[in-house]
Amino acid sequence: MSNDGKKTITLPYSMSVRELANELDTSAVQVIKILMSNGVMANINQQIDFDTAAVVATELGYTPQVQQEEEVKEEETGEVPLWRRVILEEDPAKLVNRPPVITILGHVDHGKTTLLDAIRHTNVAEGEAGGITQHIGAYQVTHKGRLITFLDTPGHAAFTSMRARGAQGADIVVLVVAADDGVQPQTREAANHAKAAKVPIIVALNKIDKLDANPDRVKRQLAEIGLQPDEWEGDTFVVPVSAKTKQGLDDLLETILLVADSMLIKANPKGKCIGTVVEARLEKTTGPMATLLVQNGTLKVGDVVVAGESWGKIKAMFDQRNKRIKEAPPSTPVVIMGLDQLPEAGDLFQVVSNEKEARQIVAERIAQREAKRSAKRATLEELFARFKSGETKELRLILKADVYGSLEPIVNSLEELGKKEKDMLINVLHAETGNITESDVMLAAASEAIILGFNVEADQDVRHLAENEGVSIRIYNIIYRLLEDVEKALKGLLEPEMVEKVIGKAEVLAIFKISKSNVVAGCRVIEGEIRRNASVRVIRNDQVIHTGEVASLKREKDDVREVRAGMEFGIAIKNFNDFKIGDVIECFVMEQFGG
């Protein structure tokens, strides 16, 4: 209790409106009303800083005090990007506002690139000298004297790849939706990726100038995917724009700044320098060139930088106009020269004290990567075990099905299953029709989710990516089996998952007809090994035409158990005689997942 009789309450430096309402033992609606009366527009999930939270607490009869640095660090979870944790460890008195960082996502034909170009060129036309002379994957514009940084990423796959590496460079996502075409599968996917990242979403309703534009229909579709427009008492700003005619661009920039003002977007320009690799390319004359987004501290020429598994001393630094600069404060995108190799987009970078330390950090990261590759991955049963032990609060799922008629009952049944388990939150991050894609895998990797498929496929590239990223894919052809497995896992009764592992490939070089019903293919092993007791599939023109068992395996007339890379051999496959020269025979075994 404070001296004035009010109850003292300790609040963190940053928290969501929902979290503040819980701390103050009041409703989120009441908190939002107080914020609005003080000129702050914030939805239930938006982050607000301590000063803003303190105003609400004071009006409700509390004496607020800021949580100490040590307490904040204890509460931080692994989901918070490293660069944000660095900022939280800074002295709050040294933090200053920085420009918000924006990523534009959306369906492929809805005008993302045109909108980015329109914003960029409108800004130049307003009088900025020089113009933008090179594409660096990120750029800054000025609106009403304030800077806004845009990440020009290829799409939500790149955005999620950054999350998977701990970067999550964007503060706000602008989701572009065409007013004439509405919400499409990629729109839903991009929205789910942004929601999984817990980043505020602003919808840019593009192509509003077209005769067949139907804004109300699109707003209804947005509400159906959980983006309730603000004019319908929702928490998503929907801004009508036309990238073609430049209509509404000022309104969009104004809305971005409005949302940014309701969030904690600060950094310490004099603090530890850390940020994200936006993109990298190899130039013939200068070697590796990397675009970096500074997120805390100030990057300077001469600094020794570690970025992922690359390092180097910055020889030169350029801004978006290809102009040499000596330093870059927070939220500034720059191109640097001096790294020893190309880092990956989404890698975190940091400034270290000397080259010896840089080499040591890189060596440790390479060792960690190798250890992670050989470590057990997160299986469905392991994630449930982590929930039961209190390590995680929810089970995250990504669901892919062949048709919407299958998708809806599965989602509904999973939600019912979640309700039956009092402490279990089943969170379906993304549910869509179609085969499992690399984008699904990256979302799962970033969110520690499991992918469940119904009557769909995952090709070898997707499975290979899942293997590398430690993502579990489970595919079913009977709905009740899928639901049964989830329920069994909840009760700890799930059998270990068996997954397919390709162990070798061979090419058919010749065909020998031994008898009417017995054909042998003469082959050469092109990678791995072919085993007598394994399963095989025959692939022709990238299509699987048969899957079965090995009937016989011979090398120079002798029966053998296996043949290895480079060897020639003869193979007969049970119930299959239709070999053609050029066919690929893929050999695989089933193993316990994570074993």
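Biologist: Let me start with helices: how do H8 and H14 lie to each other, roughly parallel or roughly antiparallel?
Modeller: Please keep in mind that this is a predicted model. Helix H8 (residues 185–196) and helix H14 (residues 438–447) pack at an angle of about 10°, and because angles under 35 degrees count as roughly parallel, H8 and H14 are roughly parallel to each other.

Biologist: And what is the distance between their axes?
Modeller: The axes of H8 and H14 are 10 Å apart.

Biologist: Which residues make the contact?
Modeller: From H8 the contact is made by Glu189, His193 and Ala196, and H14 contributes Ser439, Asp440, Leu443 and Ser447.

Biologist: Switching to strands, which ones close into a barrel?
Modeller: Six strands do so, in the order E13-E14-E19-E17-E16-E20, and their pairing is antiparallel. From one strand to the next, the twist averages 45°.

Biologist: How many bridges are there between E16 and E20?
Modeller: Strand E16 (residues 304–307) and strand E20 (residues 348–352) pair over four bridges, in the antiparallel sense.

Biologist: Now aromatics. How many aromatic pairs are there?
Modeller: The structure holds two. One of them joins Tyr139 and Phe150, with 5.7 Å from centre to centre and 25° between the planes, and it counts as stacked because the planes are under 30 degrees apart.

Biologist: Where in the chain do Tyr139 and Phe150 sit?
Modeller: Tyr139 is in strand E7 (residues 138–143) and Phe150 is in strand E8 (residues 146–151), so that the two residues are 11 apart in the chain. Both Tyr139 and Phe150 are buried.

Biologist: What about Phe576 and Phe579, stacked or edge-to-face?
Modeller: Phe576 and Phe579 are edge-to-face, at 5.1 Å centre to centre and with 90° between the planes. Phe576 is buried, and Phe579 is buried as well.

Biologist: Which ring does the charged end of Arg537 sit over?
Modeller: The charged end of Arg537 sits over the ring of Phe588, at 4.2 Å from the centre of that ring.

Biologist: Last topic, the chain overall: how many helices and strands does it have?
Modeller: The chain has 16 helices and 32 strands, and buried residues make up 50% of its 595 residues. Among contacts between residues at least 6 apart in sequence, 71% join residues at least 24 apart.

Terms used: Residues numbered from 1 in each chain as written. Predicted model: local features only at pLDDT ≥ 70, side-chain atom pairs only at ≥ 80, totals over all residues. Heavy atoms only, no water. Phe/Tyr/Trp six-rings, centres within 6.5 Å; stacked < 30°, edge-to-face > 60°. Buried < 20%, exposed > 50% of the residue type's maximum accessible area, 1.4 Å probe, protein only. Lys NZ or Arg CZ within 6 Å of the ring centre and 35° of its normal. Pairing = 2+ DSSP bridges. Axes fitted to C-alpha atoms, helices over the stretch in contact; angles between N-to-C directions. Parallel < 35°, antiparallel > 145°, perpendicular 65-115°, else oblique. Contact = heavy atoms within 4.5 Å.
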